[in-house]
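Hello,

Here is the structure I said I would pass on. My notes follow below it.

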Amino acid sequence: MSDRLAKAVATAAVMHRGQLYGENLYVAHLAAVVFNLNRFGFLQLRLKDGLFDALEIAGWLHDVVEDTPMTLDLEEVTRATSDNPVFYVQYAHARISSVL
């Protein structure tokens, strides 16, 4: 696990501490998102396309801003570039939604 990924998982766990997703801890939902990214082949793209851990990081952090007090730089996360994990998770979500 890269340092970036470890930091993302830790950040998600801390920011969602005490929150539930249904009857489960919120982190279970985040793990399910990452599981589905892997299940549909999106995490395998990371090595082929040089994404490395960007999609997995985005999977862990995708609800931090809307469901916790954390804020972010909107200009930074709306950039459609290869170093922006949000761009890839939006792409993955659109692809997964088209399959389901």
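**What was found**

Valine 27 sits in helix H2 (helices are DSSP runs of H or I with at least four residues, numbered from the N terminus). Please note that this is a predicted model, in which local features need pLDDT of at least 70 and side-chain atom pairs count only at pLDDT 80 or more, while totals for chains, interfaces and linings use all residues. Residues are numbered from 1 along each chain as its sequence is written, and side-chain values use heavy atoms, with hydrogens and water left out.

Valine 27 counts as partly exposed because its relative accessibility is 34% (buried is under 20% relative accessible area, exposed over 50%, partly exposed in between, with a 1.4 Å probe and protein chains only).

The largest nonpolar core has 12 residues, among them Leu5, Tyr26, Phe42 and Trp60. Such a core is a set of buried Ala, Val, Leu, Ile, Met, Phe, Trp, Tyr and Cys residues joined through side-chain atoms within 4.5 Å. Helices H1 (3–15), H2 (26–39) and H4 (54–61) each give two or more residues to this core. H2 provides the largest share, 4 residues.

Histidine 62 is in the loop between H4 and helix H5 (64–67). This histidine 62 is partly exposed because its relative accessibility is 29%. Leaving aside residues up to four places away in sequence, histidine 62 touches His29, Leu30 and Val33 (contact means heavy atoms within 4.5 Å). From C-alpha to C-alpha, histidine 62 and alanine 12 are 8.9 Å apart in space, and they are 50 residues apart in sequence.

Regards
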